[in-house]
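Here is a friendly note to go with the structure below. Please have a look at it first, and then read the points in order.

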Amino acid sequence: MAQPFIITAALPKDLGAWAEGLRRAHYPVERNQIHAHVTLFHSFAPSLLEELRDFLPRVVAEFTAPAGAVAGAMDLGTGTAIALKAPQLLALRGLIADHFHGSLTVQDLYEPRPHVTIQNKVTKAEARSLQASLGPVLAPWIAKGRFTFPALELHRYCGGPWKRLGIYSFRGQNSILI
């Protein structure tokens, strides 16, 4: 699909800056074209832009910011990610998936494992080495406990880099039921 739309969950500033530092340190430079994020949906058709721009603001206006927590390192095979516990975010994703039922790609039919990729497209040995060293780096964030995702972001895939089309900050009063 040419130039699909991507929905991500924004990270709080402190966590995002920390994850961005890890990306700069461990992600192959030529492939690191986007900011640290949590992908919720990989590919919405270009024909859905107006519906996305209408629906996402209604979602964030209704719900409070979903909670998450750093859970540890995640093995991506040829990469490494920061694993997150985020049942409220997954419940919100389910609500969005239900709304766009019939329009999701095969990849987006399955519930994701929330994470922030900090390394990708390296050898398995390089990935395992980073994962083995992350314990002390992740420990303070694991101990910190809960954080909230401040917003949803809408992006257009542009053949490598993404173009951010919107940031939708949570401001609602209703908690997301899990």
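1. Helix H2 passes helix H3 in a right-handed crossing, the near helix being turned clockwise from the far one by less than a right angle. This is a predicted model, where local features need pLDDT of at least 70 and side-chain atom pairs count only at pLDDT 80 or more, while totals for chains, interfaces and linings use all residues. Residues are numbered from 1 along each chain as its sequence is written, and side-chain values use heavy atoms, with hydrogens and water left out.

2. The axes of H2 (residues 49–62) and H3 (residues 87–99) cross at roughly 145° and come within 12 Å. Axes are lines fitted to C-alpha atoms over the stretch in contact, with angles from 0 to 180 degrees between N-to-C directions. Helices (H or I, at least four residues) and strands (E, at least two) are DSSP runs, numbered from the N terminus.

3. Which residues bring the two helices together? Glu51, Phe55, Leu56 and Val59 in H2 meet Leu92, Leu95, Ile96 and His99 in H3, contact being heavy atoms within 4.5 Å.

4. Ala139 lies in helix H5 (residues 135–144). With a relative accessible area of 38%, Ala139 is partly exposed, that is, between buried (under 20%) and exposed (over 50%), with a 1.4 Å probe and protein chains only. Ala139 and Ala71 are 68 residues apart in sequence, and their C-alpha atoms are 9.3 Å apart in space.
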